[in-house]
Amino acid sequence: MATRTPTRAPRSSGPAAKSRSRPAARRPAARRTKRRRRAPARSAGGWPAPVRVLGSLLRGCWLGIAHVLGALTRRVGTSARELDPAHRRDGLGLALLGAATVVAAVEWWGLRGLPGEFVHAVVAGTLGRVGLVVPLALLALGVRLLRHPEDASAGGRIGIGVTALVVATAGLVHIA
């Protein structure tokens with residue numbers, strides 16, 4: 001298939017055309033003006049320095065604990081010992097284990113207060129009696145993520161299957 005190339009308008013041959021072919025004349029030096037003092041620059045996030053330091057300190061502590069826990073979890077058995085550090089998802093695995101602990105404290109041991117009421121409303125309000133099994137499911141997902149994080153494609157299939165099973169089970173328990 002033939003395509004057209006863009007055409008240019010012909011240049012005029014008058015005095016303007018001659019000035020285009022000459023090198024540009026030097027401009028006179030710009031006058032110096034008083035420069036205003038700028039406010040100190042902030043980082044890309046816009047947070048003040050003490051908040052950034054505290055955030056990076058908390059992040060470092062979280063990931064340090066997560067890496068230690070991930071290493072201990074991968075030590076059990078032989079299938080996950082030589083995991084490439086680029087594939088590790090220790091922070092998310094620790095978050096799932098923490099969520100399992102909080103949900104277990106609320107649902108099994110009756111932890112109350114504003115956070116406890118909120119967690120109970122979400123878990124029991126969504127799943128009813130099946131909410132008692134949620135800590136075990138979160139624990140299993142957290143351990144799986146710590147031991148086999150490289151199976152990202154399997155995570156989607158597992159998530160869809162577990163969700164379908166949980167919804168079906170919750171419906172049957174509600175009817176019963």
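Read from one end of the sequence to the other, the chain follows the pattern α-α-α-α-α-α, and its secondary structure comes to six helices and zero strands. Helices (H or I, at least four residues) and strands (E, at least two) are taken here as DSSP runs, numbered from the N terminus. The model is a predicted one, in which local features need pLDDT of at least 70 and side-chain atom pairs count only at pLDDT 80 or more, while totals for chains, interfaces and linings use all residues. Residues are numbered from 1 along each chain as its sequence is written, and side-chain values use heavy atoms, with hydrogens and water left out.

Of the 176 residues in the chain, 19% are buried, where buried means under 20% relative accessible area, exposed means over 50%, and partly exposed lies in between (1.4 Å probe, protein chains only).

The largest pocket has a volume of about 290 Å³. A pocket, on a 1 Å grid over the protein atoms alone, is an open set of points where a 1.4 Å probe fits, with protein on both sides within 12 Å along at least five of seven lines, and its lining residues have an atom within 4 Å of a point. The volume is the space filled by probe spheres set on the points, which are joined across faces, edges and corners. This pocket is lined by 14 residues, of which Leu127, Val134, Ala137, Val162 and Val166 lie nearest its centre. The elements that give two or more residues to this lining are α5 (134-147) and α6 (152-175), and the largest share, seven residues, comes from α6. By class, the lining has 11 nonpolar, three polar and no charged residues; in this count Ala, Val, Leu, Ile, Met, Phe, Trp, Tyr, Cys and Pro are nonpolar, Asp, Glu, Lys and Arg are charged, and the others, Gly among them, are polar.

Trp109 is found in the loop between α3 (90-107) and α4 (114-127), and because its relative accessible area is 64%, Trp109 counts as exposed. Thr101 itself lies in helix α3 and is exposed, with a relative accessible area of 52%.

Side chains of opposite charge can pair when their charged atoms come close. A search of the whole structure finds one salt bridge, defined as a side-chain nitrogen of Lys or Arg within 4 Å of a carboxyl oxygen of Asp or Glu. Glu117 forms a salt bridge with Arg112, the closest N and O atoms being 3.8 Å apart. Glu117 is found in helix α4 and is partly exposed at a relative accessible area of 40%, while Arg112 counts as partly exposed at 43%. Glu117 and Val106 are 11 residues apart in sequence and 8.1 Å apart in space, C-alpha to C-alpha.

Finally, Arg144 lies in helix α5 and counts as partly exposed at 25% relative accessibility. Arg144 and Arg74 are 70 residues apart in sequence, and their C-alpha atoms are 10.0 Å apart in space.
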